[in-house]
Amino acid sequence: MAVVIGIIIVLGAIFGGFVLEGGFLGPLFQPYELLMIAGGAGGAFVISNDRKARQATFAALPSLFQTSKQTSALYLELLSLMFDILTKVRKEGLMSLEPDIDAPQRSGLFLKYPIIMDDPHLTEFIADYFRLLVSGNMDPFQIENLMDNEIEIHHQDGDLAIHAMHKIADGLPAFGIIAAVMGVVHTMASVGLPPSELGNLIAAALVGTFLGILLAYGVFSPMASLLERKLAESTKVYQCVKVIIIASLNSYPPALAVEFGRKVVSASERPSFAELEEHCRQLKRITR
């Protein structure tokens with residue numbers, strides 16, 4: 001919703017200001033100029049991106065109009081789940097986790113946390129690393145390095161759409177200039193027309209430059225920045241899991257390991273220690 005409101009503000013301020021200073025909106029409606037700009041940018045997008053990047057871009061676009069999934073409620077459930085897992089390991093041993101991590105969708109341990117279960121990638125990330133721990137006695141440094149590499153790959157995959165959007169934003173002013181040049185060519189080829197008609201042709205040519213710059217800096221560049229922000233927020237969730245698992249492997253008790261993870265959460269989404277403790281207490285009462 002914020003994206004829609006932002007675009008309305010941008011367009012309202014620019015076109016509204018133009019009208020207030022005595023301008024008329026009619027000459028700004030130039031569908032052929034828009035066709036040249038949009039077609040050129042779209043073709044360049046297809047040329048410069050492979051199939052994976054194009055699919056990632058189209059898949060990322062709906063997220064622009066969705067609220068962030070990285071909320072305080074998500075982190076509250078994540079920290080509570082990690083506490084439950086580590087507590088079970090401490091009491092019953094790593095092998096007791098095998099049924100839970102093999103099928104999280106049927107695990108009573110995971111099913112208590114619906115927000116986590118709604119994110120299959122996060123659920124798989126947690127299950128995979130506990131599966132590795134169950135499979136063998138791995139060194140904490142090896143696990144940490146492997147997790148860092150996977151988080152980096154996750155970031156690189158998310159960056160495909162961001163890079164593509166930035167390139168579109170960078171290219172739109174140039175395509176606006178191309179559209180304007182084509183308009184000037186058309187104007188120069190029509191010098192025999194009356195001055196009023198020549199004025200309309202020149203205005204249409206200038207609209208091309210205007211549209212290219214407006215779409216670049218008023219729409220596509222801000223959307224790319226928002227995707228970048230959302231990617232950074234999604235990466236923090238995996239970093240939180242990593243910190244907790246590494247702390248546990250270094251023999252810290254579950255409560256302290258989870259506290260390590262809580263400290264790496266952004267202040268705006270970080271649940272307080274009291275909130276986390278109360279949430280865990282309520283879940284214990286429900287499951288009894």
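Predicted model: local features only at pLDDT ≥ 70, side-chain atom pairs only at ≥ 80, totals over all residues.
View 1. Residues are numbered from 1 along each chain as its sequence is written, and side-chain values use heavy atoms, with hydrogens and water left out. Helices here are DSSP runs (H or I, at least four residues), numbered from the N terminus.

**View 2. Helix H10 (residues 195–249) has a kink of about 35° centred on Ala 216.** The bend is the angle between axes fitted to the seven residues ending at a residue and the seven starting there. The end C-alpha atoms of H10 are 80 Å apart, which agrees with the 81 Å that its 55 residues should span at 1.5 Å a residue; this expected span is 1.5 Å times one less than the number of residues.

**View 3. Here is the largest pocket, with a volume of about 1,000 Å³.** His 121, His 154, Leu 231, Ser 234 and Tyr 238 are the closest to its centre among the 32 lining residues. (A pocket is an open set of points on a 1 Å grid over the protein atoms alone, where a 1.4 Å probe fits, with protein on both sides within 12 Å along at least five of seven lines; lining residues have an atom within 4 Å of a point. The volume is the space filled by probe spheres set on the points, which are joined across faces, edges and corners.) H9 gives the most to the lining, nine residues.

Conventions
Helix = DSSP H or I, 4+ residues; strand = E, 2+ residues; numbered from the N terminus.
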